[in-house]
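Open the model in your viewer and start with a plain cartoon view. Keep the selection tool at hand.

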Amino acid sequence: MRELIPVVALVGLCQAACLAEAPTPTFKKLTLSDKFYAEGAYYADFNKDGKLDIVAGPFWFEGPDFQKKHEIRSPQTFDPKGYSDNFLTFTGDFNGDGWPDVLYVPFPGADAFWYENPAGKDVPWKKHLALKNVGNESPMWADVNGDGRPELIYNINGYLGYATYDPAKPEEPWKFHPITPKGGYGQFTHGIGYGDVNGDGRIDILESNGWWEQPAVLDDGKPWAWHPFRFAEGCPPEKLRRGDDGRAEQERRT
Ligand SMILES: [Ca+2]
Ligand SMILES: [Ca+2]
Ligand SMILES: [Ca+2]
Ligand SMILES: [Ca+2]
């Protein structure tokens, strides 16, 4: 115990010093394109050179300066006063070959496809069906089941849930796992949140008026426990982040 006190004090001093010297972040604006291809963008190291790259619409842009672009799928521009066919974009290694691939989340209710990284070759990427009829305006991307791979959180056929992919079966569509009874979830439902609300280490899923508690053992098709809570007045929570105390805190899109 006599040795513990100085160590704790040292940690406290370090935390205070680090906070005092934390630099103010600065930002530089880079314009990738002056055309409207997509609402969604994301990142990964697509050429495995150790530098993160950006995917935005049909192209990926090489980091760290993002000046050189490569085509993933045929470019199609849209009217900026309307919508594109690509609301969100996410990345992951969906076929397990070590090269990050791209999931295009479509206009709400349409089919979602993933594109296979051609392992460093500068050729169009192979298109695969991921999921049919992806409902919700803002599907989310998180490791819901804790297996180390992300899942897409969205709704379909009146159920809210998440979809998993199997890298060993890349030609097969992804699998949807409902977490709710059948409800009023539709093509344009707004707002999904996720985070560990009760601090048990398992991701829970939120709506504006309550949250679904992930059980200790996942029983596919069995609804999670529902906890009513009015998180917001007319503006659903987008997601949670882990606070300093390890518990989830609410973040909102403004
Ligand atoms: Ca790179
Ligand atoms: Ca891959
Ligand atoms: Ca997972
Ligand atoms: Ca939890």
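**Whole protein.** Remember that this is a predicted model. Colour by secondary structure. The protein has one helix and 18 strands. Select everything: there are 254 residues, and 30% of them count as buried. Now think about contacts between residues at least 6 apart in sequence. Of these, 40% join residues at least 24 apart.

**An open sheet.** Select β9, β10, β11 and β12. These four strands form an open sheet in that order, with antiparallel pairing. Why is one side of β9 and of β12 left without a neighbour in the sheet? Both β9 (135–142) and β12 (175–178) stand at the edges, and each has a single partner strand, so one side has no neighbour there. Look at the directions of the strands too. Neighbouring strands here are turned by 30° against each other on average, direction ignored.

**One pairing.** Zoom in on β11, residues 159–164. Four bridges join β11 to β12, and the two run antiparallel. Pick Thr164, then Lys175 in β12: they are bridge partners. Strands of a sheet pair through backbone hydrogen bonds.

**The core.** Now select Leu103, Val105, Leu131, Ile153 and Ile205. They have the most contacts inside the largest nonpolar core, which has 46 residues. In soluble globular proteins, nonpolar side chains tend to be buried together.

**Last stop: Val105.** Which residues does Val105 contact, leaving aside its neighbours within four places in sequence? Show Gly40, Phe87, Leu88, Thr89 and Phe90.

Technical notes:
Residues numbered from 1 in each chain as written. Chains lettered and ligands numbered in written order. Predicted model: local features only at pLDDT ≥ 70, side-chain atom pairs only at ≥ 80, totals over all residues. Core = buried A, V, L, I, M, F, W, Y, C linked by C-beta atoms within 7 Å. Buried ≥ 20, exposed ≤ 12 C-beta atoms within 10 Å, placed from the backbone. Contact = placed C-beta atoms within 7 Å. Pairing = 2+ DSSP bridges. Axes fitted to C-alpha atoms, helices over the stretch in contact; angles between N-to-C directions.
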